[in-house]
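Subject: The structure we talked about

Hi,

Here is the structure for you to look through. Open it next to this email and find the residues as you read.

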Amino acid sequence: MNLSLYFKKFFNNSQSSGIILIFCVLVSLLIANSSAAENFQHFLDKEVGTHFFGLEYPVSIWINDGLMAVFFLLVGLEIKRELVEGELSSFKNASLPIFAAVGGMLVPAVVYSIFNTGTEYSNGWGIPMATDIAFSLAIISMLGKKIPNSIKIFLAALAIVDDLGAILVIAIFYTEQIHWSYLLLSFGVTALLFILNFLKVTKTIFYIIPGLFLWYFLHHSGIHATIAGVLLAFSIPTNASNVEISPLEKLEHQLHIPVSFLIMPIFALTNTNITFSSEMVAGVTSTLGLGIICGLVLGKLVGINLFSLIAIKLKLSSLPQNSNWLQMIGVGLLAGIGFTMSIFIALLSFKGEIPIQDEAKFAILIASFIAAIAGFTILSISSKENPELEEN
């Protein structure tokens, strides 16, 4: 096979980004438990940028607040596209993943709080609420035609709504002191972006430049800067046509490879550098570890399926086409792959508390591994009940 065609096929393969993420996690864990651990941490703590503009931060901050804003820009673009022309374009289509996502956020938070209310870990209730889109979709894509496409679309829509909820949780609950002057400037830039949309400005550069200022103002306001990516995304023009490619779709296409194959691997590499210790392993059985694991694995499973059942019984929604409840259980488990998003919230929940952050990361890794294996297994079993799927 031609080398260029091989790479094109690799980058267009939905499984590839998940494989790279897993590889980066393993590399990060190897570094953290080797003689290079201290030097790697010094690199992450090294401040870069310019003090003149108030933009001198450690490398880790640039990754978590800067690069992750680009990730949320892509997520925001996906959300808007789904709202305009995709799975979320009508209430009937959108209702089931929305109800499921709400249950998949509320129940895990409650499960975590049952374990940790009144403890030093209580602020981490948002950790098990998140679903990692890249990993969950990579796992389900490995099943190919063994499951109906509607189930894949349902998981994608669920994960998108879930991410929107996580972004709102970050913006509302995981911010520090608010600087109102910068926040007002942020509102002004946001208004400008939507005015540009109203005036039908289609060149993305006229959105990207104000978007950079929006990130700067939000970062200095105290609101977590990643929300800038979502606000920018919602201002990018699109259309409901499947024929004409909109500015939103062009930007989404341009961001897919750098986000999936550069930004997310960098985030995984720098945020799973956990140095294992006996205390950390023991921490898995602490209320923190149990809250995270039970929240992600059991809380997601119960929340998604319970709220879906209620919505269907009330005739507000219906099961995805050609699907069954066993497949819904599999999806509920795959949604428990929190990984990068959960780690991101864990870092915000326990700022400066490195031992607790590491314990949370380790519990998230265990929970995500359990959820991935269990979800894949259940969905594989479900395909045997519908052998005609593989024939289509």
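Let's start with a term you'll need throughout: a residue is called buried when its relative accessible area is under 20%, exposed when the value is over 50%, and partly exposed in between. Keep in mind that this is a predicted model.

Cysteines

Take Cys-24: its relative accessible area is 11%, so Cys-24 is buried. Cys-294 has 21%, so that one is partly exposed.

Salt bridges

Side chains of opposite charge can pair when their charged atoms come close. Searching the whole structure turns up two salt bridges.

One of them joins the side chains of Glu-252 and Arg-81, at 2.7 Å from N to O. Glu-252 sits in helix α11 (residues 247-271) and Arg-81 in helix α4 (residues 59-85), so this pair ties together parts that are 171 residues apart in sequence. With a relative accessible area of 12%, Glu-252 is buried, while Arg-81 is partly exposed at 22%.

Then there is the salt bridge between the side chains of Asp-162 and Lys-300, at 2.5 Å from N to O. This pair links distant parts of the chain too: Asp-162 is in helix α7 (residues 149-173) and Lys-300 in helix α13, 138 residues apart. Are these two residues buried or exposed? Asp-162 has 1% relative accessibility and counts as buried. Lys-300 has 0%, so it counts as buried as well.

Aromatic rings

A pair of aromatic rings is described by the distance of the centres and the angle of the planes. The structure holds 13 such aromatic pairs. Among them, Trp-62 and Trp-215 are stacked, at 6.0 Å centre to centre and with 15 degrees between the planes. Trp-62 belongs to helix α4 and Trp-215 to helix α9 (residues 205-221), so the pair ties together parts that are 153 residues apart in sequence. Trp-62 counts as partly exposed at 26% relative accessibility, and Trp-215 counts as buried at 12%.

Now look at Trp-125 and Phe-173: the ring centres are 5.1 Å apart and the planes are at 80 degrees, so this pair is edge-to-face. Here Trp-125 is in the loop between α5 (91-116) and α6 (133-141), and Phe-173 is in helix α7, 48 residues apart. Trp-125 is partly exposed, at 21% relative accessibility.

The hairpin

Strand β1 (residues 47-50) pairs with strand β2 (residues 55-58) in the antiparallel sense, over four bridges. Across from Gly-49 you'll find Glu-56 in β2. The hairpin of β1 and β2 has four residues between the strands, and Gly-54 takes a positive phi near 70 degrees there.

A patch on the surface

Which residues form the nonpolar patch on the surface? They are Phe-91, Val-302, Leu-306, Ile-310, Leu-314 and Leu-316, with about 550 Å² of accessible area together. Helix α13 (residues 287-313) gives the largest share of the patch, three residues. Ile-310 has its place in that helix, α13, and is partly exposed, with a relative accessible area of 42%.

Key:
Residues numbered from 1 in each chain as written. Heavy atoms only, no water. Patch = residues over 30% accessible without salt bridge, like charges linked within 9 Å, V, L, I, M, F, W, Y side chains within 5 Å. Areas by Shrake-Rupley, 256 points an atom, 1.4 Å probe, with all protein chains shown as cover. Salt bridge = Lys/Arg side-chain N within 4 Å of Asp/Glu carboxyl O. Helix = DSSP H or I, 4+ residues; strand = E, 2+ residues; numbered from the N terminus. Buried < 20%, exposed > 50% of the residue type's maximum accessible area, 1.4 Å probe, protein only. Pairing = 2+ DSSP bridges. Phe/Tyr/Trp six-rings, centres within 6.5 Å; stacked < 30°, edge-to-face > 60°.
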